[in-house]
Amino acid sequence: MQAATPENPTPDLYFELITHAKPERANRMCVVVSDLHFTDGTVGFQNLGDYAWEAFYSTILQRCLTYRIHELVLVLDGDIVDMIRSSKWAEKGIYPWERDRKECFSAVVNAILKDVIDVQHANFFKLLRDLEGRLTADTHRLDRRTAFKKVKIVVTVGNHDKELLCDNAALTYFYEQGLGIKLTDIEPERRQMMGRMYGDETMFDSVKTAPYLPFYYGDTGFRFFTTHGQWRDPDNSAVVAADPDKGLPGWSAKDGWTLAVWQKLKFSPFLLPCFGDTVAAGVLSTFIYKTKIAMDQQNCHDPVIDSILDELDLYRPTYAAIERILEVAAKNRAAQTNLDAVQIIEDKLYECLLDWLGWDFTLQSSPPLRRVALIAAKWLLKLMSLFGHSLRISVIGGLIKLLKIGNVHDTPPTFNEMATFPSFLPAYRHYGFQIHGEGHTHVPLQGEANIDNEKYASTYINFGTWRDQIVLREKQGYRRRGTLRSLFILDLENLTKSKDRFPRSFDYFVSDAITWSDLNDNTHEVGKNSAKI
């Protein structure tokens, strides 16, 4: 087995190769979802309730029966648990990029994870642990002709759960308590494969070491390749400078998909902290935490303001959440209502932004032009605060507009962009990948790649997110809705007359469940600290 090189960027060891020359393989189905963002509930609880996951299980069960599936591959494509959006960081006075404070960092990561798995989302993780047994029993009970046998769960790493890979105790807990996989049961071959993926075949040899979650997953039987998608996002991947003395290359998001480089760097661009962490944890989660404490202390609550604070985590990009709370504060100030709460919001936002602009890591993780702008914004924010409230708020508004530049997530990638995706690169085409998947943006999208000289037509699919989102109405205002997207890929024995031409029956489709409700439309109820169904 060999590592990736510029001459051979896609050695076979990376993919579970199932060739089309073996039509006798069992009926298989792949189901993919992304960006569940299970949080510990400390800065608002916005995840789906147990009913949604039981309904999802029922859908999988019914399709296993319909297509007489023998093997299910469930892909959870990154950001499954959210280690960033928690008040525990601010409570302990540490942030995700302060990893040199190892003991405190580990304590916070493990505390967040245990609340996610054992408290807030215990039923979901029980479903994962029991999935193979439940499907086997239920398919046998309902239709003995469906000889279901196996479930394979693939969890790729995203940008909000990468902290798991920085703490062996937390990653072990995720494997054993979240997925029900004992470290001692992970085969040596699997450990070596993950080591090779990350650039060192021996790095996970010890049975006490939890192998990293894969950065990507490919399956030629499903003609499918996926990765979370943070490799295309300069705010959520780290810039790594070249080190000629050690023979190490550099990398930034503009360099694109470069597997050989990432291996040499042990995938550090996606394991190191990044600018996006400072916004999500340093600004938003800390602002929510401090504002709620101050409002409790002064007993100045308003149902609408309280609900909006609880739902701020649902805005994408994160900067939109700050725009929203500024808008609410301005409307209340103009109407001369809830002035104590408004003052707290504005003061805490100013305090959190000033702290954020003062952190070395905020500037270090920014590109040069933004770094200059942030330094200027810091001093302008301090200066304008001397001249009154309105100028201070104006500067904050200008800072948010600056951060929004270049954050466009609601349109499919262009042809030129898709041509750079690994599924469609010339070096990968011999695998026959037809579907390139990713999550990350929280916007469900699809596009037709139309790559020249390919064996199959190609499709780009973004899986969106399995949680509610705040969306803009056509003219003004906001509305809350959920778009729950799942990709289904079928790899079946072909029993039709076309068997000679197509030994396997291949099909794929997306299922979108777009949800609205009275509860979501009721501003006084949105954001309550309980799961929505």
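**Legends for a predicted single-chain model**

View 1. The mean positions of the 62 positive and 69 negative charges lie 2 Å apart. The model is predicted, and residues are numbered from 1 along the chain.

**View 2. Overall extent of the chain.** Along the principal axes, the C-alpha atoms occupy a box of roughly 80 × 60 × 45 Å. The radius of gyration is 24 Å, which agrees with the value near 24 Å that a compact globule of 533 residues would have. The chain contains 17 helices and ten strands.

View 3. Of the 533 residues, 54% are counted as buried. Among contacts in the chain with a separation of 6 or more, 71% link residues 24 or more positions apart. The accessible surface amounts to about 23,200 Å². Carbon and sulfur atoms contribute 53% of that surface.

View 4. Strand E7 covers residues 444–448. Leu445 and Gly447 make up its covered face. The uncovered face consists of Pro444, Gln446 and Glu448.

**View 5. Pairing of strands E7 and E8.** Strand E8 spans residues 459–472 and pairs with E7 in the antiparallel sense. Five bridges join the two strands. Glycine 447, which belongs to the covered face of E7, has tyrosine 460 of E8 as its bridge partner.

Conventions: Predicted model: local features only at pLDDT ≥ 70, side-chain atom pairs only at ≥ 80, totals over all residues. Heavy atoms only, no water. Helix = DSSP H or I, 4+ residues; strand = E, 2+ residues; numbered from the N terminus. Rg over C-alpha atoms; globule rule 2.2 N^0.38 Å. Buried < 20%, exposed > 50% of the residue type's maximum accessible area, 1.4 Å probe, protein only. Contact = heavy atoms within 4.5 Å. Areas by Shrake-Rupley, 256 points an atom, 1.4 Å probe, with all protein chains shown as cover. Lys, Arg positive; Asp, Glu negative; His and termini not counted. Charge placed at Lys NZ, Arg CZ, Asp CG, Glu CD. Pairing = 2+ DSSP bridges.
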